[in-house]
Structures are given as structure tokens and as C-alpha cells.
Amino acid sequence: MAYELWYWPGLPGRGEFVRVALEAAGQPYADKGCEEGAEALIQDLQGRSGIRPFAPPYLVDSDMAEGGGTLVVGQVAHIVTYLGHKHGFAGDTFLVQLQLTQLQLDISDMVAEVHATHHPLANSLYYDDQKEAAARRAQEFRAERIPKFLDHFEAALGATDGPFVAGAGWTHVDTSLFQLLEGLDYAFPQRMAAVRNKYPALQRMRDAVAQLPGVAAYLASGRRQAFNEDGIFRHYPELDAAE
Ligand SMILES: N[C@@H](CCC(=O)N[C@@H](CS)C(=O)NCC(=O)O)C(=O)O
């Protein structure tokens, strides 16, 4: 198998953005963190030298034709863009490719802000140790940041006739937006219910991604991990509200 995905077991987290892109593209992969556990992941990462991934997820591609080497790619935005270039879902022209990369980085920014709603002070502290700051951060995220980011993605989808951001063919941005919306719905169900009607193009894209044969098969497979309170997208009822 050409691809190995290394990510923490037991949570969809950032690894799921990579999984959805691989599944949409019909590319087989070994889900190494899930198969071998967290200790194996730590050992694998620490065993790598030189320019190595800073943190999971990372993708190992042992099928690099040029030079015959093994490539290790870190950073979600970079991984899915790499896959898109390799398998033809990163846009047709250089200009579109650049725009898709930009949107992919915007998605990474929003994901980091989602994480900050439950970990506003420090990643090393428990949620329980930063609940007060989390409540303030989540209130600001719900009121200001969700509309600002979703308006931005809705406008991007309005640039073509859709259903995808680059038009009729899906790209890595669509699979990532799909996963982002899934996560936002899990973490902030009241807020998302309140704003959902403002984003018809996002909803249409999301439905179209879910219907891609590879994604539909994955969703029906039972292999997709459920969201939980260990990942990026956590549902803490006290952090959600309609406003
Ligand atoms: N910007 C990176 C963030 C990677 C990241 O924060 N990974 C988390 C898990 S979702 C992690 O294990 N971080 C360990 C650390 O930052 O020390 C990406 O998008 O891939």
C-alpha cells in the first residue's frame, strides 16, 4: 500500500481531513496510528530525522516514482494539497491551484480557532483548568468568527456554478469544508442550526461531497470514527448557544 497515515488513535481530529480526501479519491491507505497505537506513533515520529513533521497527522508516501524515495508530508493543508496535485483534485490551472491552497489554509486557521474554544490558554492544560477563558473564547467564536469564516467560504463557492468550489469537479477544499462543517455541527449544534440557512452553497457542496462514491462508501462503512471530547471538535454544551 502506497500511503501510510499517522494520526492519534481514538479520535477523528485533524487526521479525518486527510482520510476524507483519501477516501474521496479512492486511494487505499494504512491507518497506522489506529492500527498500531499512540506509542507506535510517538516512536515513529521521534525516529524520523532531519526535516520531519512537527506533529500528527502526517502521510508517508513510499510510492514516489521520481528518485524512488519515501516522502513524508506533514500539515493537513499541505497533505491534502499534495494528494490533490498527485491525483488530480487540486484544480486545473495554476491560478485555481493557488486559490485552493489559500482556501485550504483558511480552513486550517478556522480549525485552530475551533481548538482554541476549548483550549484558549494552553494545549498542555486540561479543559477543566481553562473553562472560564473557554467560555469567553467560545462566545466570541460563535458570534464573530463562525459568521466571518462561513461568509468567506460561501462567497468562494459563489465564484462558480458549483456545486464545488472550483465548479463541477471536487477538490481538496471541498472535502475539507465537508469535514469542517461536520465538526462544527457536532461542536456547536445550536449555533450552526441558527446560521445554517444563510449558507445554501455550503450546504449544496456538503451534500455533493457526501454523495461522491468514495465518501458515500466511507460514511456507510462503519470505519469512520465518531466525534468525541478528545479531538478538535468537542461538544461541551456550555460552549454552545444559538448566538
Ligand atoms: N497545523 C498543523 C497542526 C497539527 C497539530 O496540532 N496536531 C495535533 C493533533 S490534531 C498534535 O498532535 N499536536 C502536538 C503538538 O502540537 O505538540 C496541521 O494542520 O496539521
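Ground rules before going on. This is a predicted model, where local features need pLDDT of at least 70 and side-chain atom pairs count only at pLDDT 80 or more, while totals for chains, interfaces and linings use all residues. Numbering runs from 1 along each chain as its sequence is written, and side-chain values use heavy atoms, with hydrogens and water left out.

I looked up the N and O atoms next. The side chain of Trp-8 has an N or O atom 2.8 Å from an oxygen atom of the ligand. For Arg-14, I get 3.2 Å from a side-chain N or O atom to a ligand oxygen. Gln-75 goes to a nitrogen atom of the ligand instead, at 2.7 Å from its side-chain N or O.

I place Gln-75 in the loop between β4 (71-74) and α4. Helices here are DSSP runs of H or I with at least four residues, strands are E runs of at least two, and both are numbered from the N terminus.

Pro-57 sits in the loop between α3 (38-47) and β3 (58-61). I noted another cis peptide bond, between Gly-162 and Pro-163, with omega about 5 degrees. Pro-163 belongs to the loop between α6 (131-157) and α7 (172-187).

**Two domains**

The assignment gives domain 1 (3-87) and domain 2 (94-211); such bounds come from an automatic or database domain assignment. Their centres, taken over C-alpha atoms, are 22 Å apart. For contacts (heavy atoms within 4.5 Å), I have 11 residues of domain 1 against 15 residues of domain 2.

The area buried between the domains is about 1,100 Å², with carbon and sulfur atoms giving 73%. That area is the accessible area (1.4 Å probe) that the two parts lose on being put together, summed over both.

How many salt bridges cross the interface of domain 1 and domain 2? The rule finds 0, taking a side-chain nitrogen of Lys or Arg within 4 Å of a carboxyl oxygen of Asp or Glu.

On the side of domain 1 that touches domain 2, α1 (15-25) and α4 (76-87) each supply at least two residues. The largest share, 6 residues, is from α1.

The structure holds 13 salt bridges. One joins Glu-4 and Lys-32, with the closest N and O atoms 4.0 Å apart. Glu-4 is in strand β1 (residues 3-6) and Lys-32 in helix α2 (residues 32-36), so the pair ties together parts 28 residues apart in sequence.

Last stop was Gln-97, in helix α5 (residues 94-118). Its side chain reaches the backbone oxygen of Gly-91 at 3.1 Å. Not counting residues up to four places away in sequence, Gln-97 touches His-85, Ala-90, Gly-91 and Asp-92.

Note on methods:
Polar contact = N/O pair within 3.5 Å; in protein donor to acceptor, adjacent residues only side chain to side chain.
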